[in-house]
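Please keep the sequence and the structure in view while reading.

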Amino acid sequence: MNRRILTLLAALLPVLTFGVLLAAVTVPFVSLGPGPTFDTLGSIDGKQVVDIQGTKVHPTTGHLNMTTVSQRDGLTLGEALTLWLSGREQLMPRDLVYPPGKSREEVDDDNNADFRQSEQSAAYAALGYLRYPAAVTIAEVRDPGPSLGALQVGDAVDAVNGRPVYTVDQFTSMLSATKPGEVAVLDYRRKNAPPGVARITLGEHKDRPSGFLGVSVLDAPWAPFTVDFNLANVGGPSAGLMFSLAVVDKLTDGALAGPNFVAGTGTIKSNGQVDAIGGIAHKMVAAKEAGATVFLVPSQNCYEAKSDSNGMQLVKVDTLAEAVDALHTITGGGQPPSC
């Protein structure tokens, strides 16, 4: 082998080594960037994103898009550098997204649980805004458990052993006076079905001497129809506000968005309070690229949001009622509170 070839190989070796490192070495970072948006007034895979059955649903116009943040894990050094140089992606230490001691599957399960909770809170917030009365509502039926097959999530309990109940405290107090083996008679209302009576033999529970019904209950607005959300593989709680707005829009005359393409984000509590979220800059980029001209921003995120509005009208909200009022103001040609 002549000297020229040896010199060439010596020069190429660092390049080849660096190329292998770029392709094979993973880095302890996760990439965050603009994710897909979904119109909560529209459909996906042939199903309404917000599906209301058992009552009149009013026609809607425009868009009420929820926004998401995309996430990539297991990045190679080359992928991380490419994403960082693109300017669209943010690299974060992996431990901030997947805390030590928790597997990726556990974190994903937590995010999915947050998303399901946001759906429930969104429905309750919308029904509360529309002034549906509160009831003692079944939030969970244990499996296995004494109530499995007799009660369903969403049932409203009106009486226990012939005595009316109006609050969770009353319900809990009545059950605390029972014993395992006794039969509890519950009068209930079920969505899209006639009222019923459940006779349940109470079980035992190691943490209490009273009879065990095997349900979780809460005080929540109750309506005789169902509200379902058909959006899978989206984690976290930040879709709550837009889900609530879609429910309100479908259950009331007029169109909240009017002809406008509205997008937004924000967690929501059952009482309608809107709270801050993460990744708003990425969500705003996604909204703008989808065609949004109006973006609903939790007030706590306003400082971050207004630094890069992307030309969209930024509307500041603290509650569901404020968001509804702001959309009415926009469609009426007025100026809503802004960031």
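The model is predicted: local features need pLDDT of at least 70, side-chain atom pairs count only at pLDDT 80 or more, and totals for chains, interfaces and linings use all residues. Residues are numbered from 1 along each chain as its sequence is written, and side-chain values use heavy atoms, with hydrogens and water left out.

An open sheet of six strands runs in the order β6-β1-β5-β16-β19-β20, with mixed pairing. Its edges are β6 and β20, each with a single partner strand, so one side of each has no neighbour in the sheet. From one strand to the next the twist averages 35°. Strands are DSSP runs of E, at least two residues, and helices are runs of H or I, at least four, numbered from the N terminus. Two strands pair if DSSP finds at least two bridges between them; β16 and β19 pair in the parallel sense over three bridges.

Angles run from 0 to 180 degrees between N-to-C directions, and axes are lines fitted to C-alpha atoms, for helices over the stretch in contact.

| Helix | Residues | Strands | Angle |
|---|---|---|---|
| α7 | residues 280-290 | β1, β5, β6, β16, β19 and β20 | about 40° with β1 |
| α9 | residues 320-331 | β5, β16, β19 and β20 | about 145° to β20 |

Thr-226 belongs to strand β15 (residues 226-229). Thr-226 is buried, with a relative accessible area of 19%; buried means under 20% (1.4 Å probe, protein chains only). Just after helix α4, Arg-131 has a positive phi of about 65°.

Technical notes. Buried < 20%, exposed > 50% of the residue type's maximum accessible area, 1.4 Å probe, protein only. Contact = heavy atoms within 4.5 Å.
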